[in-house]
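Let's walk through this structure together, one piece at a time. Keep the viewer open and turn the model as you read.

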Amino acid sequence: MIDTANRTLEAKLEGSTGEKVRHCYQCKKCSAGCPVAFAMDLLPHEVMKMVQYGQERRLLECSTIWLCSSCETCSTRCPNDIDIARVMDGLREMSLEAGLAAEREVRTFHRSFLNGIKLAGRTNESVLIGQYKALSHRLFDDLGLGAVMLLKGKIKLLPRMVKDRGSVRRIFKMTKKGS
Amino acid sequence: MSDLAFTYYPGCSQSGSAAEYGDSSEAVCRELGIDLVELTDWNCCGASSAHMTNDLLSVALPGRDLAAAKREGRDMLVVCAACYSRMKISQQRILSDEALARSVEDVVGEDPRFTGNIRHLLDVVVNDVGLADLKGRVKVGLDGFKAVPYYGCLLVRPPEVCFCDSVENPTELDRLLEAIGVKVRPWSFKTDCCGGSLALSRTDIVEKLVNKLFTRAEESGANCIVAACPMCVASLEMRQKPGTFSFKIPHQIPVLYFTELLALAMDLPDVEKWLKSHIIDAVPLLGTTSSIKT
């Protein structure tokens, strides 16, 4: 039963994001204005409450942190100045580190996106879409749309690159977790 | 006007899926006397994927660009709302947190403490060029365009770093469109999210979000949506047609960049080419224009 506040998780998040989730008094403005609330398994105000109660595992396993689109509507409306979107960022990072992350497709997209930057220094939609499709095993989704995009010149097949790719690789190497 | 000179950060989309935004932005800047010098060997800002999964990476990727901008000295101009947001947030965090600044300097190998202004093109056109100047340049009548201005998220939030006059009801894009003769329709969804970061992974969610935007735009009597962000335009255009199967009412409402309408109003070349490259055909709207006698 959840009946005691447990500051451990809240303190960890304050350390990584600077946000003070203990200030939340459950007005629910965040959940009322959230455009993605309809798809979430935990509403944003529930995430705040569960942080206060130290429900770490349930939070790191939930879909909500991956469905949050970082539109920051909640952050701008919070009467207690909690940057809720930033707290979601902090939870996502913890969830990845703990190996508990849900929503495989969303993670695969982020991984494909960052892999592309690591290789070329810039994002090339053709490389991104190809890699995402291969990694997510969703090769045949949006095939008609892909054809339209190609015809309209929206997909450029020649990748554009940063000249000094070593400096970009270095950024990835030095910011890699555990190094 | 020659005092408007910037280091230009084009952003990846503007030479890919949003080439018409990059090309029309550059054409409009040339016409308005805004000098752009491309940032040397710039890299991707990391967009949502970096800040959603790795905090230091999300500041260090823009950090490399900020270091280059510091070397080059001028203020920076950005056209993509997502790049703009990442550049501004990273700059603010680097300048206000010395420990973070040192980490980024270590990772990038160069001083990222760029203190110049980072501006979005919409901000520069409305506040530096000015709407009075713009009005005097209009050569083509656009009153057949009934537009809803769509700001999305990253032009307005967080308000501490963004330029817009109101976080819930910004008016810069409204005023700009009115100044060039576009009929602006009122609606309450100017700053609602399109779901951009989920565009490929959770298309079901994005379809719901954009369906709401199209329905509201149509209810307001608009025949087009005008935006200033390539992610917004991509989400709105890409999920409009495939969504036909899941939407109760099919939509067919073009989504344009504000720079395309600016170029059209000033009678610059290539506008038709840009409109043709949109997934939702915007060319029929060209039939509604009229020439203004001067």
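Before looking at how helices cross, one term is needed: a crossing is left-handed if the near helix is turned anticlockwise from the far one by less than a right angle, and right-handed if it is turned clockwise. Bear in mind as well that this is a predicted model.

With that term in hand, go to chain B and find helix α1 (residues 19-32) and helix α10 (residues 258-265). Their axes lie 8 Å apart, and the two helices pack at an angle of about 45°. Angles under 35 degrees count as roughly parallel and those from 65 to 115 as roughly perpendicular, so α1(B) and α10(B) come out as oblique to each other. As for handedness, α1(B) makes a left-handed crossing as it passes α10(B). On the α1(B) side, the contact is built from B:Glu20, B:Tyr21, B:Ser24, B:Ser25, B:Ala27 and B:Val28, while α10(B) brings B:Thr259, B:Glu260, B:Leu262 and B:Ala263. Sort the residues of this contact by class and you get five nonpolar, three polar and two charged.

Stay with α10(B) for a moment. How many of its residues are buried? The count is eight of eight, so α10(B) is largely enclosed by the rest of the structure. The buried set runs B:Phe258, B:Thr259, B:Glu260, B:Leu261, B:Leu262, B:Ala263, B:Leu264 and B:Ala265. Just past the end of α10(B), have a look at the backbone of B:Asp267, where phi is positive, at about 60°.

Helix α6 (residues 121-135) and helix α7 (residues 172-179) of chain B have axes 10 Å apart and pack at about 30°. That angle makes α6(B) and α7(B) roughly parallel to each other, because angles under 35 degrees fall in that group. Here too the crossing is described as left-handed, with α6(B) passing α7(B). From α6(B), the residues involved are B:Leu122, B:Val125, B:Val126, B:Leu131, B:Leu134 and B:Lys135, and they meet B:Glu172, B:Leu173, B:Arg175, B:Leu176 and B:Ala179 of α7(B). By class, this contact has eight nonpolar residues, three charged ones and no polar ones.

In soluble globular proteins, nonpolar side chains tend to be buried together. In this model the largest nonpolar core has 144 residues, and those with the most contacts inside it are B:Val78, B:Ala147, B:Ile225, B:Val226, B:Ala227, B:Cys229 and B:Leu261. Helix α3 (residues 55-72) of chain B gives the most to this core, eight residues.

B:Val226 sits in strand β8 (residues 224-227) of chain B. Is B:Val226 buried or exposed? It counts as buried, because 26 C-beta neighbours fall inside 10 Å. Leaving out residues up to four places away in sequence, B:Val226 touches B:Ala147, B:Pro149, B:Tyr150, B:Leu173, B:Leu177, B:Leu256, B:Phe258 and B:Leu261. The C-alpha atom of B:Val226 is also 5.6 Å from that of B:Tyr257, 31 residues apart along the chain. The other one, B:Val78, touches B:Tyr9, B:Gly11, B:Cys83, B:Tyr84, B:Met87, B:Ile118 and B:His120, again not counting residues up to four places away in sequence.

Switch over to chain A. Its secondary structure comes to eleven helices and zero strands. The C-alpha trace of chain A spans about 55 × 40 × 30 Å along its principal axes, and 41% of its 179 residues count as buried. Among contacts in chain A with a separation of 6 or more, 65% join residues 24 or more positions apart.

One spot in chain A gives a local example. A:Asp41 is in the loop between α2 (29-33) and α3 (44-52) of chain A, and it counts as partly exposed because it has 13 C-beta neighbours inside 10 Å. Neighbours within four places aside, A:Asp41 is in contact with A:Cys62, A:Ser63 and A:Thr64. The C-alpha atoms of A:Asp41 and A:Cys62 are separated by 6.8 Å.

Finally, see where the chains meet. The contact takes 46 residues from chain A and 45 residues from chain B. On the chain A side, the largest share comes from α8(A), with eight residues. That side has 19 nonpolar, 13 polar and 14 charged residues.

Notes:
Residues numbered from 1 in each chain as written. Chains lettered and ligands numbered in written order. Predicted model: local features only at pLDDT ≥ 70, side-chain atom pairs only at ≥ 80, totals over all residues. Helix = DSSP H or I, 4+ residues; strand = E, 2+ residues; numbered from the N terminus. Buried ≥ 20, exposed ≤ 12 C-beta atoms within 10 Å, placed from the backbone. Contact = placed C-beta atoms within 7 Å. Nonpolar A, V, L, I, M, F, W, Y, C, P; charged D, E, K, R; others polar. Axes fitted to C-alpha atoms, helices over the stretch in contact; angles between N-to-C directions. Parallel < 35°, antiparallel > 145°, perpendicular 65-115°, else oblique. Core = buried A, V, L, I, M, F, W, Y, C linked by C-beta atoms within 7 Å.
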